[in-house]
Amino acid sequence: MVIIMKNEKYELIAQDHKAPNPRLKNAIIAFVVGGIIGLLGEGIIELLCYFTHMSRNNAGTIMIVVMIFIASLSTALGFFDKLVTKFKCGLLIPITGFAHSMTSAALDYKREGPIYGIGANIFKLAGSVILYGIIAAWFFGMIRFLLGGRV
Amino acid sequence: MLLINSFLFCGTVCLIAQIILDNTKLTPGHVTSMFVVFGAFLDSFSFYDKIIKVVGGGALLPITSFGHSLIHGALAKANEYGILGILMGMFDLTATGITAAIIFSFIFTLLFKPKN
């Protein structure tokens, strides 16, 4: 009984000294950073369409390649990890997070050699995205196809 | 207008992900996988195509668009070749992203040394 009382008291004291909850701040940061990434993407598409008169689909593809290039390069240079710890989902949910996970996994296991290091681990984190993406796309695609809904 | 929509849409997706991440025990890996599945689900009835028309580039960037392009390519091929087309067209649209990510990360891994 005495111990339980002490635990309750301890929790009360601990709650008073806890750091202020950063959830709201995290959410706002993720919203703003993610929004800026989206804005940049659309900006690149519009610039490409304006200057080279290519179709919107091609411009979108080039924009994604540019984003992956920037994310991979900055991960390899080492400052993308710091940005991710600051901005979290703002950078992880766009395609930059996909490129970052591949490059950082490959870099982490580089010293174990080209086959069992880089080759075996490059999809360590991105693999789950590809696996569940394909399973879900196959599953929903089959449902759509069997229901007779032509695209 | 597309610029503002892109900002709002991409920001909202990241916001939802951040809220899930902060309030549950799920890791970023769980959240990204969930979002890919959710994107594929949204496009199984062509809803994501409408979002892309309204939002533009901002809808192509979040990982949900990866699931969307997987199922979109699969269904487009399925129209031509029947049920085998779902297997044939799976990577049609995402090939650029995956190939670019593999090539860039491999080259940069060879060129740079890991920090720490």
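Student: Before we start, how are residues and chains labelled here?
Tutor: Residues are numbered from 1 along each chain as its sequence is written, while chains are lettered from A and ligands numbered from 1 in the order in which they are written. The model is predicted, and local features need pLDDT of at least 70, side-chain atom pairs count only at pLDDT 80 or more, and totals for chains, interfaces and linings use all residues.

Student: Okay, how many helices and strands are in chain B?
Tutor: Chain B has seven helices and zero strands, where helices (H or I, at least four residues) and strands (E, at least two) are DSSP runs numbered from the N terminus.

Student: And how many residues of chain B are in contact with chain A?
Tutor: In chain B, 59 residues are in contact with 64 residues of chain A, contact meaning that the C-beta atoms, placed from the backbone, lie within 7 Å.

Student: Which helix gives the most to that side?
Tutor: Helix 1 of chain B does, with 16 residues.

Student: New topic: how do helix 8 of chain A and helix 5 of chain B cross?
Tutor: Their axes, lines fitted to C-alpha atoms over the stretch in contact, with angles running from 0 to 180 degrees between N-to-C directions, come within 9 Å and cross at roughly 40 degrees. Helix 8 of chain A and helix 5 of chain B are therefore oblique to each other, since angles under 35 degrees count as roughly parallel, over 145 as roughly antiparallel, 65 to 115 as roughly perpendicular and the rest as oblique.

Student: Which residues make that contact?
Tutor: Among them are A:Phe140 and A:Arg144 of helix 8 of chain A, and B:Leu70 and B:Ala74 of helix 5 of chain B.

How values were computed
Contact = placed C-beta atoms within 7 Å.
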